[in-house]
Amino acid sequence: MRQSDPQILEPVAGNGLLHRRLFLTGSAALAGAGLTLLSARPVGAAPPEVPAWMKIPGAGMSPYGVRSKHEEHVVRTVGSTPGTIGTGASRTPLEHLEGIITPGALHFERHHNGIPDIDPAEHRLLIHGLVDRPLMFDLEALSRYPLVSRIQFLECSGNSGANNAPEPPQQSAGGIHGLVSCSEWTGVPLGVLLDEAGVGRDARWIVAEGADAAAMSRSVPISKALDDSIVAMYQNGEHLRPGNGYPMRLFLPGWEGNACVKWLRRIQVTAEPAMTKDETSKYSDLRPDGTALLFTFPMGVKSVITSPSGGLAMQGPGLYQISGIAWSGVGRIRRVEVSADGGESWAKAALSEPVLSKALVRFRLPWRWNGGPAVLQSRAIDESGAVQPTRAALLAERGAAFRYHYHAIQSWEVSAEGSVRNVYA
Amino acid sequence: MFTRNSQTLTLIALGASAAWSAVGAQEGPGLGVAVTPEQVEGWALTILPDGTGLPPGTGTARVGAEIYAAKCAACHGADGTGGTNDQLAGGHGTIATAAPVRTVGSYWPYATTVFDYVRRAMPLTQPQSLTNDETYALTAYLLHLNGIVDEDDVIDARALPRIEMPNRANFVRAP
């Protein structure tokens, strides 16, 4: 019981940030400190002593669960290209989620011509090209291979690009940053399959292709294919959702989502990349001098505060929990720092276990909001020492026209009225 | 065919192997089915920048213009501009500005990519419906709209990889 420990209730950085250990001292200490959760409602009329649902038998079991009807507002933001149904993206509502695992039904999706209706019995994976033995695998065969399971994030490299606009978009955390999700992925190490096919001496790349109506294809260095890449078949314990590649997808830990080809049906081993449409005209990083970088796969170190965040409302001055997610495509998050004064001072946030490589990590920090204006920011540092840049620094380096790999610090402004909005600070 | 029991036994046997801990050390059960070159041929869609994979066939921009008007213009606009979807022509000289217009002519580094993409993914409502000749003709037309080939230049498996795209030199591979 640390309730009386004066240190942990003392601010550790400007504008009311408290020590991260406040959360480690138990709920009694939080209650003693008068913690107010962002979602807490004003105390109105007292609820009934014996609520109605205690007086009748509850609902029966169901073969496949559904969430509470009171949570049906938690949905993805869906947008598609004009004139199309299935070309576009749906974004994870980050501001409504906690922890690090994204429910399958809320995982972000990005499609290039809809979600194919694949009969798993008719689906095959072909491996050919610079191999000794071209091979074809069906789902039943792959399910007998040694499987590996890892909790890892997946992020579209176009994520957060809205913050490159001249004026800050007034959207939620998910609306801006929701092209990132995190799941436990289970599949066959791609290296095992490539070994069986026998990779040729001149092999340097694989070209992966999906069984969708875009036959989406990307080239990936064979070093990554033989390292930690898998042919994923399960997501959070169940078979992949159709929108995430059922019955199998390529999964390249830490690398941009577009290269993690869904509905994987063909891998061609090559000496050179195919220079597909989606690795040249799209997903290439145009720089201010007009040159464009190809194959910028790893996702940069990044974090975002999900609560409080754009569109959420404060419930009056008092103690709050700042909560957010951080991730890096090169490994583990080493540290996350939080500022409540627009970056003037920073406090180290608590990282919730597990802190996994190439996975989302949840960070939290107590904050006593005094009811005045505040600008909340988070800054992640990964195990390579890479530091999440400010927006100004990123734009200075990348110019104003770049589309992909935006990973700058997000700023949320809390007004005296308690509304929260996106600002560039 | 395996029975449920034999599958269970296999899994138990694999589970006892220490090799599971390291990805590189794993060994698969060898269940990939050998395929013939003819089977591969039917699946292989990818065109490499050196022209590998390009099928027989031929086309010109003059022929492609008619196909484009019928199957592409509704989304991409007449002459590759002004449509609801990606602009395909123009934008030359904009790439190094604050408002770059990325088109086939102003941005795309390889002409083979045009054939590869049109064949696999276009038209959006009927992908993989174009013949090889139609795909060559559309590729020729898109290149012609951008001033890269003449209206009657014959585009085929030999000519396409030799076309030097205007913005090619500006593409750099990440280190």
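A residue is called buried here if 20 or more other C-beta atoms lie within 10 Å of its own. The legends below describe a predicted model.

**Figure 1. Chain A as a whole, with its buried residues and its overall dimensions.** By the criterion above, 50% of the 425 residues of chain A count as buried. The chain contains seven helices and 26 strands. Its radius of gyration is 23 Å, close to the 22 Å that the globule rule gives for 425 residues, so chain A is as compact as a globular protein of that length. Along the principal axes, the C-alpha atoms of chain A fill a box of roughly 70 × 65 × 45 Å. Among the contacts in chain A between residues at least 6 apart in sequence, 72% join residues at least 24 apart.

**Figure 2. The two domains of chain A and the place where they touch.** Domain 1 of chain A comprises residues 120-151 together with 185-283, and domain 2 of chain A comprises residues 302-423. Five residues of domain 1 are in contact with six residues of domain 2. On the side of domain 1 that touches domain 2, four residues are nonpolar, one is polar and none is charged. Taken over C-alpha atoms, the centres of the two domains are separated by 34 Å.

**Figure 3. The interface between chain B and chain A.** In this view, 47 residues of chain B are in contact with 51 residues of chain A. On the side of chain B that touches chain A, two or more residues each come from α1 (4-15), β1 (33-34), α2 (37-43), α5 (111-121) and β4 (171-173) of chain B. Of the elements, α5(B) gives the most to this side, with five residues. Sorted by class, the side of chain B that touches chain A has 31 nonpolar, twelve polar and four charged residues.

Figure 4. Strands of a sheet pair through backbone hydrogen bonds, either parallel or antiparallel. An example of parallel pairing is given by strands β6 (residues 124-129) and β15 (residues 264-270) of chain A, which are joined over four bridges. Within β15(A), V269(A) is the bridge partner of G129(A).

**Figure 5. Strand β20 of chain A and its partner strands.** Five of the seven residues of strand β20 (residues 333-339) of chain A are buried, so the strand is largely enclosed by the rest of the structure. With strand β24 (residues 374-382) of chain A, β20(A) pairs in the antiparallel sense over six bridges. V336(A) stands opposite A380(A) of β24(A). Strand β21 (residues 347-348) of chain A also runs antiparallel to β20(A), and two bridges join them. In β21(A), K348(A) is the residue opposite E337(A).

**Figure 6. The buried and exposed faces of helix α3 of chain B.** The buried residues of helix α3 (residues 61-71) of chain B are A61(B), G64(B), I67(B) and Y68(B). These residues cover an arc of only 115° around the axis, which puts them on the same side of α3(B). They pack against β2 (58-59), α4 (73-76) and α6 (132-145) of chain B. The face of α3(B) turned away from the buried side carries the exposed residues E66(B) and A70(B).

**Figure 7. The surroundings of D79(B).** D79(B) lies in the loop between α4 and α5 of chain B. It has 16 C-beta neighbours inside 10 Å and therefore counts as partly exposed. Apart from neighbours within four places in sequence, D79(B) is in contact with A89(B) and L145(B). L54(B) is 25 residues from D79(B) along the chain, and the C-alpha atoms of the two residues are separated by 25 Å.

Methods: Residues numbered from 1 in each chain as written. Chains lettered and ligands numbered in written order. Predicted model: local features only at pLDDT ≥ 70, side-chain atom pairs only at ≥ 80, totals over all residues. Contact = placed C-beta atoms within 7 Å. Nonpolar A, V, L, I, M, F, W, Y, C, P; charged D, E, K, R; others polar. Pairing = 2+ DSSP bridges. Rg over C-alpha atoms; globule rule 2.2 N^0.38 Å. Buried ≥ 20, exposed ≤ 12 C-beta atoms within 10 Å, placed from the backbone. Domains from an automatic or database assignment. Arc of directions from axis to C-beta.
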